[in-house]
Structures are given as C-alpha cells and as structure tokens.
Amino acid sequence: MKEKVLMEDIVNLCKQYGFVYQGSEIYGGFANTWDFGPLGVELINNVKHAWWKRFVNEDFRTYGVDAGILMNPRVWEASGHVESFGDPKMDCKKCKQRFRADNLIEEYSNGEVAAEAMSNEELEKYIDDNHITCPNCGGFDWTKIRKFNPMFKTSRGTLENDADTVYLRPETCQGEYVNFLNVQRTSRAKIPFAIAQIGKSFRNEITPGNFLFRTIEFEQMELQKFCHDKDSMEFYEDYKKRAMDFILDLGLDKEKLRYHDHDKLAHYAKAACDIQYKFPIGWEELNGIHHRGTWDLSRHSEFSGKKMEYQDPETNEKYIPTVIEYSIGVGRLTLALLCEAYDEEKLENDTRIVMRFNPVIAPYKVAVLPLVKKYHKDKAEEVFKILSKEFTCTYDDTGSIGKRYRRQDVIGTPWCITIDDNTINDNTVTIRDRDSMQQITLPIDEVAKYISDKIKF
Ligand code: ATP
C-alpha cells in the first residue's frame with residue numbers, strides 16, 4: 001500500500017493510460033481544461049450512472065430533468081448572479097498572481113474555515129490577522145478584494161450588444177427551479193419531492209487548478225428537494241447521510257471523509273454543510289448540502305411573475321416550498337475515486353500499480369485475453385461477444401499474459417478471463433481476480449452470473 005499518493009501519480013497515470021488528457025493538447029493545451037479519454041469516459045459514465053440510479057431511479061419521489069445550458073438571461077438576474085454573484089478576487093502586488101480570497105483561507109486552514117459566506121471585510125481581516133502569504137511568491141502585499149463575476153458570457157444572434165448577452169450556466173440547479181411547476185404538474189408530484197439533474201456548468205474561476213478539482217467547465221450531479229418548511233431540517237439531515245453513504249459505497253475511505261458544517265450562512269439559509277475529502281492537496285470540499293429556504297422559488301416568482309407555489313391537496317394550504325440542495329461535481333468525485341483507488345503493491349520480485357476501483361465504477365469489468373493469439377483468438381472473440389452484452393469488456397491479445405495482467409491492474413479491471421486450450425476443449429475459462437491475483441476455473445456459461453453477482457450497487 002502506498003503511504004502517500006501524490007497528485008502527479010494520478011495525473012501521470014491518467015495521461016499514460018487514457019483516462020484524462022490535457023484539453024487541446026496539440027495546441028499546447030488550454031489551461032485547466034481536460035478531455036476524458038477511452039477509460040475516463042467509461043469511468044465518469046459509471047459514476048454518473050451509479051448516482052442517477054441511487055438518487056433518481058431508486059427514489060420514486062425524485063424526478064429527473066435535463067435542462068438547457070443556455071437559459072433566459074432573466075434567470076441569472078433572479079438568481080442574483082448578474083448583479084451580486086461574484087468571487088472575491090485579490091492580487092499579489094509582488095508577483096501579480098490573482099487569487100480567490102475565500103480559497104486562500106480555506107487552503108490555509110486546511111478546510112477548517114468555511115470562507116464562502118464571509119464578507120470582503122471579514123476575508124481581508126482574516127488574511128491580515130493570520131498573515132496569509134502569496135502561495136506563489138511568499139509575499140504579503142495584497143490588493144483590496146474586488147468582486148469578479150465568474151459567469152462566461154456569450155451573445156445570441158448576429159449583433160453583439162448587451163441586449164443579446166446570454167450566459168453559460170454557472171450552476172445546474174436553476175434548471176430545476178424554473179421547471180418546478182412543469183414537473184409538479186406533469187408528474188402529479190406531491191410534496192415532498194425532488195428534481196434531479198446531471199449536467200455541465202461553467203465558471204470563469206480565478207484560481208482553477210489541481211487537475212480535475214477545479215476546472216472552468218465541469219459537470220454537476222445535483223438535486224433539489226422541495227418540501228414544507230416544517231420538515232426541511234429532517235430532509236437536510238437525511239441528504240447529509242445519503243450523500244455520505246453514496247461515496248462510502250463507491251469506495252471512498254471513511255477516514256478521509258468528514259462533514260464540515262458552515263457556521264457563516266447565507267441570509268436565507270438555515271443550515272449548510274460540505275462533505276470534505278482528504279485529497280493529496282489536503283482536506284477540500286467534495287460536495288455540498290444546503291438548506292436554501294424559499295429564496296430560489298420566491299425570486300423566480302418575483303422575476304417571472306409566475307406563482308411558484310404548491311397547494312397541499314389535503315389541507316389546501318398554499319405555500320412556497322423550501323429547498324434542500326445536494327450537489328456534487330463529477331470531475332471532483334472522479335478525482336477522489338482515482339486517488340482512493342491508486343495503489344502500488346510490493347510483490348516478491350517487483351511492484352505493481354493497481355487501481356482498486358469498486359467494480360461498479362471500473363471502466364471495464366472484464367478483460368478477455370487469448371493465451372496464445374494464434375490458437376485462441378477466435379474463441380476469445382466469441383467469449384467477448386457473449387460477455388460484452390452483459391457489461392463493459394475489453395480485449396487484448398498483445399504481449400505476454402503476465403504483462404497483459406499488469407496492464408489490466410493499472411487500469412483497474414477487476415477480472416481477467418484467459419482463453420486457452422481448455423476453453424476450446426471443454427468450454428472452461430480461467431478468471432483472475434485483480435486484487436488477490438487468485439485464479440479460478442469456471443464454465444463459460446457461468447461467468448456472466450459470477451461477475452454480475454459481484455457488481456451490485
Ligand atoms: P468551491 O467552494 O470549491 O468553489 P462551491 O461551494 O462553489 O465550490 P457549489 O457551487 O456548491 O460549489 O457546487 C457544488 C459542487 O460542484 C462542489 O461541491 C464541487 O463538487 C463541484 N464544483 C464546483 N465548482 C467546481 C469547479 N470549478 N470545478 C469542478 N467542480 C466544481
């Protein structure tokens with residue numbers, strides 16, 4: 001077991017094996033953008049599928065949507081993003097590097113202080129009192145904090161003027177708020193119910209970086225629970241627990257996870273909490289659970305003129321529902337899962353790198369390997385055809401069997417199936433387990449069940 005996994009270990013492995021490439025690499029890259037390669041796309045699809053299954057398909061009170069990235073610009077006026085949403089930026093006067101003041105504090109305090117809801121004055125005071133220096137040059141000569149709006153702007157139509165400005169959404173949740181009435185009516189949904197979505201968001205982050213941790217384009221998996229205010233804290237606690245169970249079940253280590261309750265809250269909120277993970281860069285937010293009061297729906301009522309109300313069919317009480325939000329970034333969670341899975345195991349004569357993914361998220365569940373290409377290729381292709389109907393499989397007939405096993409270890413494939421003379425003669429295959437390296441023999445027609453029994457989530 002490797003003592004300390006470094007971010008470089010993860011970045012290098014991702015690049016070398018096709019999990020994640022630098023965005024636009026042949027043009028020298030495009031800072032803080034990343035492209036998922038053949039393994040990465042399988043991995044994130046599995047993560048998203050596991051989330052959707054758990055939070056949408058297994059909960060009949062949750063309804064999915066897939067809203068547009070471009071929305072009526074009035075949405076962003078209602079949400080407060082146009083006017084007051086802004087990251088607190090400050091520059092180091094010595095080296096001219098720009099930073100987000102709240103991120104500086106969070107990094108300095110190793111995630112202990114939630115600086116998100118601090119005023120500019122509070123941020124400046126904390127930085128002064130604690131003599132937080134520039135992470136780039138070590139200087140202590142900061143500009144005053146100014147607000148920076150991280151929304152990406154573009155324009156609609158052929159004329160570029162302010163009237164045509166549209167924004168790339170900086171968060172997905174507005175897609176659920178604006179569809180609250182649609183979903184409630186068309187699904188005949190009764191409160192409490194939730195609307196969930198997985199989709200891309202864009203933020204012109206001041207200090208992006210740390211690989212997939214903070215990027216300018218990222219995907220969010222999140223849901224908004226609409227409830228009566230009297231029940232809201234119960235749902236808040238419920239989602240805190242469900243959010244934690246989900247990441248534990250995916251394989252994150254309990255010791256590297258902690259709740260972090262915010263003591264500074266937005267004016268409309270009753271409670272807010274992050275779950276933090278101990279990344280190689282320290283304790284950082286992995287996901288958020290926020291009590292948002294009636295703020296979002298009230299604002300959309302005000303700006304759209306539509307009553308965002310619910311009438312209880314039993315009591316006839318009319319009210320604006322309270323919202324509990326649970327949100328987690330696909331890239332950020334994937335980074336945590338990559339860090340968690342990475343292992344360098346010392347063997348008798350060498351060391352192997354193994355990605356110990358939970359089989360549910362492993363890019364490939366099975367690798368089909370003909371022992372000797374010349375003799376066993378046709379049979380192996382036949383087996384691949386059968387198994388690939390059940391789960392994602394890969395096929396490899398290049399190099400020695402030992403080297404092929406190692407490659408599957410590095411990419412985290414839980415089972416290797418070797419096709420040899422016995423397969424041709426009596427329809428049995430050898431199954432090698434990634435973690436224990438133990439091998440067993442099974443008839444071909446029992447393989448699919450053997451494996452699918454082990455990948456239940
Ligand atoms: P942070 O404080 O790290 O900027 P946030 O509090 O602004 O995050 P939210 O707006 O609550 O984050 O978004 C919910 C989740 O979306 C975060 O917990 C994180 O997993 C993910 N996320 C937010 N911003 C980014 C980003 N720039 N890159 C990758 N993931 C992100």
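Helix α4 is followed by Asn 110, a residue with a positive phi near 50°; helices (H or I, at least four residues) and strands (E, at least two) are DSSP runs numbered from the N terminus. The structure is a predicted model, in which local features need pLDDT of at least 70 and side-chain atom pairs count only at pLDDT 80 or more, while totals for chains, interfaces and linings use all residues. Residues are numbered from 1 along each chain as its sequence is written, and side-chain values use heavy atoms, with hydrogens and water left out.

Helix α4 (residues 101-108) is largely enclosed by the rest of the structure, because 6 of its 8 residues are buried. Buried denotes under 20% relative accessible area, exposed over 50%, and partly exposed the range in between (1.4 Å probe, protein chains only). The buried residues of α4 are Ala 101, Asp 102, Asn 103, Leu 104, Ile 105 and Glu 106. These buried residues pack against β4 (87-91), β5 (98-100) and α5 (120-129), where contact means heavy atoms within 4.5 Å.

Asp 141 is located in the loop between α5 and β6 (146-148). Its relative accessibility of 34% places Asp 141 in the partly exposed class. Asp 141 and Cys 92 are separated by 49 residues in sequence, yet their C-alpha atoms are 5.9 Å apart. Residues up to four places away in sequence being excluded, Asp 141 touches Asp 91, Cys 92, Lys 93 and Lys 94.

The ligand is surrounded by 18 residues, of which Arg 203, Glu 205, Arg 214, Glu 285 and Leu 286 are the closest; a residue is near a molecule if one of its heavy atoms lies within 4 Å of it. The shell comprises 4 nonpolar, 7 polar and 7 charged residues. At least two shell residues come from each of β10 (217-227), β13 (282-291) and β16 (322-329), and β13 gives the most, with 5 residues. A polar side-chain atom of Arg 214 lies 2.6 Å from an oxygen atom of the ligand. For Glu 116, an N or O atom of the side chain is 3.1 Å from a ligand oxygen, and for Gln 220 the corresponding distance is 3.2 Å. The protein covers 93% of the 590 Å² of accessible area that the ligand has on its own, with areas calculated by the Shrake-Rupley method and a 1.4 Å probe.

Strand β16 also contains Ser 327. Ser 327 is buried, with a relative accessible area of 16%. Beyond residues up to four places away in sequence, Ser 327 touches Gln 220, Met 221, Glu 222, Asn 287 and Gly 288.

The largest nonpolar core contains 61 residues, and Phe 19, Trp 51, Ile 247, Leu 286, Tyr 326 and Leu 333 touch the most other members. Such a core is a set of buried Ala, Val, Leu, Ile, Met, Phe, Trp, Tyr and Cys residues joined through side-chain atoms within 4.5 Å. Apart from neighbours within four places in sequence, the contacts of Leu 333 include Val 47, Met 221, Phe 246, Leu 286 and Ile 328. A second, separate core of 17 residues includes Ala 380, Leu 387, Ile 431 and Leu 442.

Several backbone features occur in loops. Ile 191 and Pro 192 are joined by a cis peptide bond with omega of about 10°, and Pro 192 is placed in the loop between α7 (180-186) and β9 (193-202). Phe 211, in the loop between β9 and β10, has a positive phi near 60° and is buried at 5% relative accessible area.

Notes
Polar contact = N/O pair within 3.5 Å; in protein donor to acceptor, adjacent residues only side chain to side chain. Nonpolar A, V, L, I, M, F, W, Y, C, P; charged D, E, K, R; others polar.
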